[in-house]
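This briefing goes through the structure shown here by topic, beginning with the domains and ending with the contact between the chains.

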Amino acid sequence: MFERIKAIIIKEFKQVLRDPRMKSVILISPIIQIILFGYAANKDIDFIPTAIYDKDNTKESRQLLNQFTFSKYFVPKYYINSEAEEDFMLDKGAVSVVLRIDRGFGRNIKAGNDAAVQLALDGTDSNTAMTIAGYADSIMSAYQYDVLIKDVSALGISLSMPNVDLRQRAWFNENLISRNYYLPGVIASIITIMSLLLTAMAIVREKEIGTMEQLTVSPLRPLELIFGKLLPFGVIALAQTLLITILAILWFHLPFRGSLLLLLLGTCVYLFTTLGAGLLISTNSSTQQEAMMTVFLFYMPTLLLSGFAYPIANMPQVIQWLTVVNPMRYYLVIVRGIFLKGVGMDILWMQILPLLIIGLVMTSMSVLMFKKRLA
Amino acid sequence: MTMNPSMENNQVAVAVNDLEKKFGTFTAVNHINFEVKQGEIFGFLGPNGAGKSTTIRMLCGIYTPTSGSGTVGGFDIVKEQFKIKENIGYMSQKFSLYDDLTVEENIDFYSRIYNIPKNERKKRKDETIELAGIEDFRKSLTSTLSGGWKQRLALGCAIIHKPKIIFLDEPTSGVDPITRANFWDIINKMAAAGRTIFVTTHYMDEAENCNRLVMIYHGTMIAMGTPEEMKTKVMKSDILEIIMPHAENWLDKISQLSSIKETALFGINIHAVTDNAQKAIAELNGLFQSQSLSDYSVNKIKASLEDVFVSLIENYDAEHKEK
């Protein structure tokens with residue numbers, strides 16, 4: 001039995017490592033992906049392209065504008081002179097914000113009257129727009145405070161106000177760098193698609209070239225074949241995980257606080273589910289194209305319902321229930337937990353257990369389906 | 001073809017009893033019965049889609065029969081599929097080798113799959129390479145081998161565990177005549193060594209090489225016997241070969257003659273099947289003379305397997321049309 005599994009393992013390694021195209025898919029493509037997606041996976045909002053429409057053009061208006069442009073958030077890209085331009089800039093997407101100060105702003109401030117400033121936002125991406133509005137709000141409050149202090153001191157009164165200071169401190173991702181949150185997810189998504197694709201081709205390729213028929217009349221048992229196929233691809237995927245993890249740490253300075261051993265263990269268990277799914281797809285496909293299509297049909301919901309980009313807690317209850325069978329959901333908690341929080345087995349077993357169950361179901365299903373396909 | 005000495009012990013290698021396989025409502029194999037003796041070259045003859053491969057697959061433990069029973073090497077084809085797989089060799093026209101592995105790697109792979117003891121492996125490898133005649137290509141990728149070499153290497157890999165019973169599913173389709181002849185030499189040698197060969201084919205010249213034949217059509221056995229029996233006992237009608245210019249223009253007129261059962265073009269000549277050769281020759285002479293044709297000849301010839309096969313199929317079709 002072990003001799004037969006060994007035969008398959010040796011064969012698979014030889015075939016994969018001999019094919020130069022396959023070698024580059026396995027080695028180069030994860031490197032390119034982690035670097036490319038690593039740069040893309042950034043939701044920090046700073047250096048917001050801003051258009052400025054200063055109709056007032058007084059000392060006061062310029063002072064306010066300085067407050068905006070000195071912050072690292074707003075970068076003045078255009079100075080405009082008409083309302084038509086204001087619309088055009090936003091329509092075109094040249095800027096995310098148009099800051100408009102109406103005539104009379106400086107006069108009103110000096111007279112101690114209410115004065116208005118208009119912030120026109122591109123609200124297409126509601127989250128970004130809300131964050132920008134928040135930044136603008138705090139700049140305005142600071143400005144107002146300055147004005148107040150100046151007015152009061154002009155009257156020769158010294159003002160002492162009780163100050164309530166909110167001290168924020170973020171745990172795990174101290175500088176609130178969004179990339180630190182997304183990169184472990186990017187690693188998970190690369191491993192998912194790579195392991196799925198590799199195994200999805202594994203059985204259907206042999207069906208296409210006709211060697212599967214020879215194997216089915218040999219004493220090779222379905223379970224031996226499945227394990228012989230799972231193991232090499234598992235080892236390859238594990239090596240890929242190691243490679244892109246090291247790259248993410250060195251290149252993007254992603255903190256790694258947990259145990260590498262635990263990460264590899266969690267990855268092994270996760271791979272059990274994705275390789276199982278890949279084999280299931282492979283067993284049920286008659287051509288490699290069909291297998292490839294199915295992989296992408298499987299991958300999209302796996303990714304989108306995993307909490308990779310959209311938090312599961314925000315999903316409607318029914319969809320949240322659906323995510324229970326999504327292996328990537330658990331793996332994301334594992335990678336994020338190990339990278340950023342440095343948590344250990346005491347917490348992660350709650351993720352590892354469901355992964356084991358899903359993996360077991362997937363693999364047994366592919367063995368059963370394989371047997372049924374033959375009959 | 002002489003009988004192999006080992007056949008005299010009359011041991012049964014393969015036996016099927018009322019075997020049937022249905023895919024949905026389609027009957028691929030329709031209640032067939034036969035026995036193959038040890039050391040026999042047993043031919044399974046039929047057109048594409050007749051049920052040849054389905055039968056082989058049931059015997060090799062790939063398909064489970066819908067009904068009926070059978071044994072291969074004494075093992076039950078339903079209950080002991082894995083026992084059967086350990087004891088048979090199987091090769092199909094697809095040449096199941098890995099193109100991206102070298103010759104030696106392919107052999108090593110099948111050595112492990114068939115659990116050849118480690119100390120035996122080198123010897124078996126050398127034997128396989130010798131059988132395929134590819135000593136100079138041990139380390140070459142299999143994809144670089146020509147069709148004939150690949151085919152013999154595939155056979156070598158399929159029998160690396162020295163099985164007593166070997167199933168060959170159209171092993172020679174798509175290879176050149178010299179390679180085919182060469183391949184049949186190997187088959188004959190294996191049979192002489194006491195191995196049972198079960199081979200499917202639709203080449204009539206190959207069928208002549210078999211000790212016994214089964215003809216199968218639409219999943220039904222339509223004849224069984226030695227090639228000689230097929231041509232004499234099974235085929236009760238006579239065959240007349242008519243040689244004449246523009247034979248194709250005469251096909252209709254000849255088949256309208258009352259003594260002629262059927263006609264077919266064989267190359268540029270006509271083969272006419274008749275139950276009464278004398279009467280048919282007289283009728284043909286009459287027909288040709290009335291058309292003032294002298295440039296022709298009519299001879300009674302021995303039926304070829306192809307004649308037998310065509311005639312049996314036409315009988316079958318005629319019978320089933322009536323129903």
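In this predicted model, the domain assignment of chain B gives domain 1, covering 5-230, and domain 2, covering 236-302. For chain A, the assignment gives a domain 1 made of 9-42 + 177-374 and a domain 2 of 48-154.

**Domain separation**
- In chain B, the C-alpha centres of domain 1 and domain 2 are 41 Å apart.
- In chain A, the corresponding centres of domain 1 and domain 2, taken over C-alpha atoms, are separated by 48 Å.

**Helix packing in chain A**
- Helix 2 (residues 20-40) and helix 9 (residues 222-252) of chain A have axes that come within 10 Å and cross at roughly 35 degrees, and the crossing of these two helices is right-handed.
- On the side of helix 2 of chain A, the contact is made by Ile26(A), Pro30(A), Ile31(A), Ile34(A), Ile35(A) and Gly38(A), while the residues that helix 9 of chain A brings to it include Ile236(A), Gln240(A), Leu243(A), Trp251(A) and Phe252(A).
- Sorted by class, the contact of helix 2 with helix 9 of chain A holds twelve nonpolar and two polar residues, with no charged residues.

**Nonpolar cores**
- The largest nonpolar core has 140 residues, of which Ile187(A), Tyr331(A), Phe167(B), Ile197(B) and Phe198(B) touch the most other members.
- Helix 7 (residues 178-209) of chain A gives the most to this core, contributing 16 residues.
- When neighbours within four places in sequence are left aside, Tyr331(A) is in contact with Ala188(A), Gly266(A), Tyr270(A) and Leu355(A).
- Another core, of 21 residues, lies apart from the largest one, and its members include Ile48(A), Ile52(A), Met89(A) and Ile101(A).

**Contact between the chains**
- In the contact between the two chains, 20 residues of chain A meet 20 residues of chain B.
- On the side of chain A that touches chain B, helix 1 (2-18) and helix 8 (211-216) of chain A each supply at least two residues, and helix 1 of chain A gives the most, with eight residues.
- The residues on this side of chain A divide by class into six nonpolar, six polar and eight charged.

**A loop position in chain B**
- Gly267(B) sits in the loop between strand 12 (260-266) and strand 13 (269-274) of chain B, and Gly267(B) counts as exposed because it has 8 C-beta neighbours inside 10 Å, where the cut-off for an exposed residue is 12 or fewer.
- Gly267(B) and His218(B) are 49 residues apart along the chain, and their C-alpha atoms are separated by 26 Å.

Terms used
Residues are numbered from 1 along each chain as its sequence is written. Chains are lettered from A and ligands numbered from 1 in the order in which they are written. This is a predicted model: local features need pLDDT of at least 70, side-chain atom pairs count only at pLDDT 80 or more; totals for chains, interfaces and linings use all residues. Domain bounds come from an automatic or database domain assignment. Helices (H or I, at least four residues) and strands (E, at least two) are DSSP runs, numbered from the N terminus. A residue is buried if 20 or more other C-beta atoms lie within 10 Å of its own, exposed if 12 or fewer, and partly exposed in between; C-beta atoms are placed from the backbone. Axes are lines fitted to C-alpha atoms, for helices over the stretch in contact, and angles run from 0 to 180 degrees between N-to-C directions. A crossing is left-handed if the near helix is turned anticlockwise from the far one by less than a right angle, and right-handed if clockwise. Two residues are in contact if their C-beta atoms, placed from the backbone, lie within 7 Å. Ala, Val, Leu, Ile, Met, Phe, Trp, Tyr, Cys and Pro count as nonpolar, Asp, Glu, Lys and Arg as charged, and the others, Gly among them, as polar. A nonpolar core is a set of buried Ala, Val, Leu, Ile, Met, Phe, Trp, Tyr and Cys residues joined through C-beta atoms within 7 Å.
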